[in-house]
Amino acid sequence: MNKQVQVHGALFLVALIYGSNYSIAKEVMPEYVGPYGLIVIRVVSAAIFFGLLSKLVVKEKITGWADNMRSIACGVTGIAINQLCFFGGLNLTAPINAALLMVISPVTVLIFSALLLKERVGSRKISGIVVACLGALLLISGSQSADVPGNWLGDVLIILNATSFGMYLVLVKPLMAKYKAITVVSRIFLVGAVIVLPFGFNQALTPEYSTFPAEIWAAILFMIIGVTVITYLLNAWALAYANPSLVGIYIYLQPVLAILIAVWFGKDVFTVQKALYALMIFGGVYLVSRNNQPGQHKSEEAPAT
């Protein structure tokens, strides 16, 4: 099979898995497992997998006080806060709202790059930030009149999730340039697992797992193996062959697939009002993401859901 076809297939599968996660996770929580208990199951399982992979295959360690402190900060922002806010928010809000709001992650990357790395932000990118944030605020305000209690709070938590992950992408860049990806990921998942345990330990122990139907077990395994392990491995492989612009196309395909899946399974309704707010968010992200010069690399990466 042609290498480019394989790359497109891998990136589409990643987008499809991430897009499915919004609706599949809603099947499990909160009826069977609480949102924070689900986080513990997912993060601890991934920490064990990547830890063993790092020890047995890569055999590399993060050294030095500065790099170790940075890896801890990455675990806090990229795993702990990211996952706690994502699943806590998804538990309260609609899958379509969560999918649309996650797209602002490139905007937060730009903001933190300007604040932490002192990168210059032009008027076009500032306009993009304003438009995307306005679309997000309108989406949240529209959720306040929704039938689901706490919908707006869920939207706010999803934005905090995207913001935290944006900070993580900026913090993790120096580590990814210095160490192998598995080494970094195994460390940040270990840090994240330690932090999320107190939040979700009781929720993870409360359910009577023996009573779970087969489809719920399949959903939990999907979130552990598919959303965490397979997507990471496919992304790592595809990024070795794909250019940033191609990856960007598939990143923005994720919410589209999430919307189609949510509507198909009757988990949500895509209204004209949401469509207008979505256009504002996508338009703002486009202004932020568009390169000034041909060949210039983008800093955005796909959100970790």
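User: When does a residue count as partly exposed, and why does Y209 get that label in this predicted model?

Analyst: Buried means under 20% relative accessible area, exposed means over 50%, and partly exposed lies in between. Y209 has a relative accessible area of 22%.

User: What makes W217 buried, exposed or partly exposed?

Analyst: W217 has a relative accessible area of 35%. This also lies between 20% and 50%, so W217 is partly exposed.

User: Why is the pair of Y209 and W217 called tilted?

Analyst: Their ring centres are 5.8 Å apart, within the 6.5 Å limit, so they pair. Their planes meet at 40 degrees. Under 30 would be stacked and over 60 edge-to-face, so this pair is tilted. Y209 and W217 also belong to one aromatic cluster with Y32 and F212.

User: What kind of aromatic pair do F86 and F87 form, and how do you know?

Analyst: The centres of F86 and F87 are 5.2 Å apart, with 90 degrees between the planes. That angle is over 60, so the pair is edge-to-face.

User: How do you know whether F86 and F87 are buried or exposed?

Analyst: F86 has a relative accessible area of 0%, and F87 has 0%. Both values are under 20%, so both residues are buried.

User: Why are helices α3 and α7 called roughly antiparallel?

Analyst: Helix α3 (residues 65-92) and helix α7 (residues 151-178) pack at about 155 degrees, with axes 7 Å apart. The angle is over 145, so they are roughly antiparallel. Their contact has 19 nonpolar, 10 polar and three charged residues. Their crossing is left-handed.

Note on methods. Residues numbered from 1 in each chain as written. Predicted model: local features only at pLDDT ≥ 70, side-chain atom pairs only at ≥ 80, totals over all residues. Heavy atoms only, no water. Axes fitted to C-alpha atoms, helices over the stretch in contact; angles between N-to-C directions. Helix = DSSP H or I, 4+ residues; strand = E, 2+ residues; numbered from the N terminus. Parallel < 35°, antiparallel > 145°, perpendicular 65-115°, else oblique. Left-handed = near helix turned anticlockwise from the far one by under 90°. Nonpolar A, V, L, I, M, F, W, Y, C, P; charged D, E, K, R; others polar. Phe/Tyr/Trp six-rings, centres within 6.5 Å; stacked < 30°, edge-to-face > 60°. Buried < 20%, exposed > 50% of the residue type's maximum accessible area, 1.4 Å probe, protein only.
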